[in-house]
Amino acid sequence: MRKIITGLAVAGLVFAGGVSTATTASAASSGQPCSEWSTSEPLLKAGATGDAVRELQCELNRSIHPDRGYKLIADGVFGQATRNAVIYFQGCVHIQQDGEVGPQTWSKLDYWNVQPNYAC
């Protein structure tokens, strides 16, 4: 049974196109999917709370490499740490660094959330 499971795992890696290293693999490959909290993407800024903020925090964690110092707790509170991560992410993807999350920022987060690498 163990040989069958190992063989299926190897076949899955081959089918998927190879193995990513820990330094290039996206955070999206581990943990629960971000869309667990919210599928709405409202305008968010400092002071906002709720599931959409949890979604934002999760997507930021999956888009910014943890070594950059912007690892967030998905607590649903858009505080200073979340604002700092938003500004950093906006700079990485070359959009206006205003600390607010509107359609353009959500679009970039959605894109990077499913990529095999981090945006930043």
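The legends below describe close-up views of one predicted model.

Residues are numbered from 1 along each chain as its sequence is written, and side-chain values use heavy atoms, with hydrogens and water left out. Because the model is predicted, local features need pLDDT of at least 70 and side-chain atom pairs count only at pLDDT 80 or more, whereas totals for chains, interfaces and linings use all residues.

View 1. Buried means under 20% relative accessible area, exposed over 50% and partly exposed in between, with a 1.4 Å probe and protein chains only. Helices (H or I, at least four residues) are DSSP runs, numbered from the N terminus. In soluble globular proteins, nonpolar side chains tend to be buried together.

**View 2. The crossing of H2 and H3.** The axes of these two helices come within 11 Å and cross at roughly 45°; axes are lines fitted to C-alpha atoms over the stretch in contact, and angles run from 0 to 180 degrees between N-to-C directions. H2 and H3 are therefore oblique to each other, since angles under 35 degrees count as roughly parallel, over 145 as roughly antiparallel, 65 to 115 as roughly perpendicular and the rest as oblique. On the H2 side the contact (heavy atoms within 4.5 Å) is made by Leu56, Gln57, Leu60 and Ser63, and on the H3 side by Thr82, Ala85, Val86 and Phe89.

**View 3. The buried side of H4 and Thr105.** The buried residues of H4 are Thr105, Trp106, Leu109 and Asn113. They lie on the same side of H4 because they cover an arc of only 100° around the axis, the arc being that of the directions from the helix axis to the C-beta atoms. H2 and H3 are among what covers them. Thr105, placed in helix H4 (residues 103–113), has a relative accessible area of 4%. Residues up to four places away in sequence aside, Thr105 touches Phe89, Gln90, Ile95 and Glu100.

**View 4. His94 in the loop between H3 and H4.** At 70% relative accessibility, His94 counts as exposed. Phi of His94 is near 60°, a positive value in a residue other than glycine.
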